[in-house]
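Dear colleague,

I am handing over the structure we spoke about, and I have set out below what was found in it. Please keep it open beside you while you read.

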Amino acid sequence: MPELRLGLNDKVLFESNGRGGKGKSVELEDVKFHQCVRLSRFENDRTISFIPPDGEFELMNYRLMTVVKPLIWIEAVVERYSHSRVEYMIKAKSQFKRRSTANNVEVIIPVPSDADSPKFKNSIGAVKYAPEQSAFIWTIKSFPGGKEYLLRAHFNLPSVGREEQEGKPPIKVKFEIPYFTTSGIQVRYLKIIEKSGYQALPWVRYITQNGEYQLRTV
């Protein structure tokens, strides 16, 4: 197998170097490498040198030391009318730069399990009721940065008491943003050291995906 050498942008600061972050530096902590990485090389010149194992693997993971605002922010106003209906006003706002676009955005809004007869009015995307999840799902295929969209939903509600017993589950959000990194980390170079003459093409792709992304309703 060939040896690979990966270099990150100079603004990356690791917790182990003991330096404080200044300006737009990227500060990382709890950095963990795959066992194939030559740690001695990294400690000397911050080059990540490794011989990759077969198949897909995670080379490195870390946590950010800086506070990052939610990339997609959801505001929810819920109005309940006793033994009658419940109405939702959902606002979705993208909080990243206009040059980036989130794809396959799903906003999953919980509703009481006995809600029925849904009616939706949305400015973009598609909405469907998922009774098996006790939720309705707002899907937006393409969500540019710096935009906000509105959705209104109406459900008949035979009883209110059950909703009080069920509590208030969180709103969940799913998305992915290609060519975007929340941390600011960039790959400065990826070199393939292959002495046998085998032709290989280095390729880097950036993508940000949601993790456990939940927002509580009030």
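Two strands (E, at least two residues, taken as DSSP runs and numbered from the N terminus) are said to pair if DSSP finds at least two bridges between them. Strand β1 (residues 3-8) pairs with β14 in the antiparallel sense, over six bridges, and within that pairing Leu4 stands opposite Ile192 of β14. Three strands, in the order β4-β1-β14, make up an open sheet with antiparallel pairing, and its edge strands, β4 (48-50) and β14 (187-193), each pair on one side only.

Before going on, please note that this is a predicted model, in which local features need pLDDT of at least 70 and side-chain atom pairs count only at pLDDT 80 or more, while totals for chains, interfaces and linings use all residues. Residues are numbered from 1 along each chain as its sequence is written, and side-chain values use heavy atoms, with hydrogens and water left out.

Rings of Phe, Tyr and Trp (its six-membered ring) pair if their centres lie within 6.5 Å, and planes under 30 degrees apart count as stacked, over 60 as edge-to-face and the rest as tilted. By this rule there are 10 aromatic pairs. Tyr88 counts as buried because its relative accessibility is 6%, where buried means under 20% relative accessible area, exposed over 50% and partly exposed in between (1.4 Å probe, protein chains only). Phe155, at 0%, is buried too.

How values were computed. Helix = DSSP H or I, 4+ residues; strand = E, 2+ residues; numbered from the N terminus.
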